[in-house]
Amino acid sequence: MRYSLIGSLLIGLLALPFQLASAQEVKKFVIIAEEKRIDVGEGFRYDAWTYNGTVPGPVIRVHEGDDVEITLVNKGKVAHGIDTHAAQISPGRAFRAVDPGASHTFRFRAEAPGVFLYHCSAPPILNHIANGLYGAMIVEPRKGFPPAREFVVVQGELYGEPDSQGLIAGDTKKMSEERPDFVIFDGAINRHVGEPLPIKAGELVRVYFVNAGPNLVSSFHIIGTLLRTVYVGGNPENRLRGVQTFEVGPGNGAILEFMVKEPGDYPLVDHAIARVYKGAVALFRTEGYTPAPGGGSH
Ligand SMILES: [Cu+2]
C-alpha cells in the first residue's frame with residue numbers, strides 16, 4: 001500500500017515536466033516571400049527576391065528545446081520555399097516549394113543550439129539564394145551566453161554588373177561560375193562603413209554570423225583584434241580560443257566574440273582580400289570615436 005502510494009506520487013512527479021513540455025507554447029513565425037527592388041549600396045539597386053521585404057530576411061530567434069512553427073506565404077511570381085538548417089525534418093515535406101499565392105506551414109523542435117542559415121528551397125536554389133532569399137536563425141542555448149553587445153551579420157553575394165541606371169540584374173552565368181561582382185554584409189555593399197556598428201572599448205562583443213553564400217567560403221577577420229572565442233556553428237560545446245581568422249563556408253554559421261582595448265575603427269572583412277574591394281567590409285566603431293580626416297582604416 002505504502003509503496004504503491006509512493007510509486008504513484010513518483011510517477012506523478014516524473015510525468016509533470018513531460019506534460020509541461022508537451023503543452024509548451026509553440027514559437028510561430030510568418031515569413032512572406034515577395035519580390036522587391038532594394039537598395040544594395042553605392043547607389044545601386046537590385047530586383048531582389050526577399051523574405052519580409054528585406055535582404056537578409058528577419059532574424060528568427062528561439063531557444064534550444066522550443067517548438068517552432070514556420071509559415072511561408074508566397075506573394076511572389078514564382079514558387080518559393082524555406083529551408084532552415086536548425087530543423088531535422090523530412091525536407092521534401094517541410095521545405096517543399098510553395099506556388100505563388102499559396103502558403104505552407106511546418107513545425108519542428110529546435111534541438112541544437114547554434115546560429116543557422118535559412119534560405120529558399122525552390123529550384124533553382126542557386127538563383128533563389130543569390131537573389132536574396134536568406135537569413136539567420138538563432139537557437140539560443142538553454143544556459144545562454146554571458147552578457148555582451150550583440151550583432152547579427154549575414155554575408156551574401158551579388159551577381160551582375162550595374163547598368164547605366166545603377167540597376168543590377170541577377171547574372172545566372174556568373175552565379176554558376178561562382179564569380180560575384182559584389183560580396184556583401186547585411187544585403188548591401190559597404191553597408192556598415194556608412195553605418196558603423198557601435199561598440200565600446202573593454203566591452204565583450206558577440207557576432208552571430210551566417211554565410212548565405214551561395215558560393216564563397218568567408219574568412220571572417222576583424223582588423224586590430226583577435227577573436228577571443230569562436231563557437232563553431234554557434235554551439236557553445238564547440239569552443240575555440242584566440243583565433244585570428246575563422247572560415248565559415250556557405251550554409252554555415254558561427255558565433256564570434258571579441259573585445260577591443262582602445263577607441264578606434266575596427267574593420268570586419270572577408271580576408272580573401274579581393275572581396276574587400278567588392279563590398280565585404282564593415283566597421284565596428286567605438287562610441288564617440290571620430291576617425292582622423294583622410295585616415296584610411298584599410
Ligand atoms: Cu525562392
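Two strands pair if DSSP finds at least two bridges between them. The model discussed here is predicted.

Q: What makes E3 and E8 a pair, and which residue stands opposite Ile 60?
A: E3 and E8 are joined by 4 bridges, and pairing requires at least two, so the two strands count as paired. They run parallel. Ile 60 stands opposite Met 137 in E8.

Q: Why are E3 and E5 called edge strands?
A: Strand E3 (60–63) and strand E5 (83–84) each pair on one side only. The open sheet to which they belong has 4 strands in the order E3-E8-E7-E5, and its pairing is mixed.

Q: How do you know that E1 and E2 pair, and in which sense?
A: There are 8 bridges between E1 and E2, in the antiparallel sense. The criterion is at least two bridges, so this is a pair. Within it, Glu 35 stands opposite Trp 49 in E2. The hairpin of E1 and E2 has 2 residues between the strands, and Glu 42 takes a positive phi near 55 degrees there.

Q: What makes E2 and E10 a pair?
A: Their 2 bridges, in the parallel sense, meet the requirement of at least two. In E10 (residues 167–168), Leu 167 is the bridge partner of Arg 45.

Q: Why is E2 described as largely enclosed by the rest of the structure?
A: Of the 8 residues of E2, 6 are buried, so the strand is largely enclosed by the rest of the structure. A buried residue has 20 or more other C-beta atoms within 10 Å of its own. For the protein as a whole, 38% of the 298 residues count as buried.

Q: Why is Ala 201 called partly exposed?
A: Ala 201 has 14 C-beta neighbours inside 10 Å. A residue is buried at 20 or more and exposed at 12 or fewer, with partly exposed in between; Ala 201 therefore counts as partly exposed. Its place is the loop between strand E12 (197–199) and E13.

Q: Which residues are in contact with Ala 201, leaving aside its neighbours within four places in sequence?
A: Ala 201 is in contact with Val 260, Lys 261, Glu 262, Pro 263 and Thr 286. Its C-alpha atom is also separated by 8.5 Å from that of Glu 287, a residue 86 residues apart from it along the chain.

Q: What makes E19 and E20 a pair?
A: E19 (residues 265–270) and E20 (residues 281–286) run antiparallel and are joined by 5 bridges; at least two are needed, so they pair. Pro 267 has Leu 283 in E20 as its bridge partner. Both strands belong to an open sheet of 5 strands, ordered E12-E20-E19-E14-E17 with mixed pairing. In this sheet E12 and E17 (245–248) are the edge strands, each pairing on one side only, and the twist averages 25 degrees from one strand to the next.

Q: How do you know that domain 1 and domain 2 touch?
A: The protein is divided into domain 1 (26–140) and domain 2 (149–286), and the contact takes 31 residues from domain 1 and 37 residues from domain 2. On the side of domain 1 that touches domain 2, the largest share, 5 residues, comes from E7. By class, that side has 18 nonpolar, 9 polar and 4 charged residues. The centres of the domains, taken over C-alpha atoms, are separated by 20 Å.

Definitions and conventions
Residues are numbered from 1 along each chain as its sequence is written. This is a predicted model: local features need pLDDT of at least 70, side-chain atom pairs count only at pLDDT 80 or more; totals for chains, interfaces and linings use all residues. Domain bounds come from an automatic or database domain assignment. Two residues are in contact if their C-beta atoms, placed from the backbone, lie within 7 Å. Ala, Val, Leu, Ile, Met, Phe, Trp, Tyr, Cys and Pro count as nonpolar, Asp, Glu, Lys and Arg as charged, and the others, Gly among them, as polar. Axes are lines fitted to C-alpha atoms, for helices over the stretch in contact, and angles run from 0 to 180 degrees between N-to-C directions.
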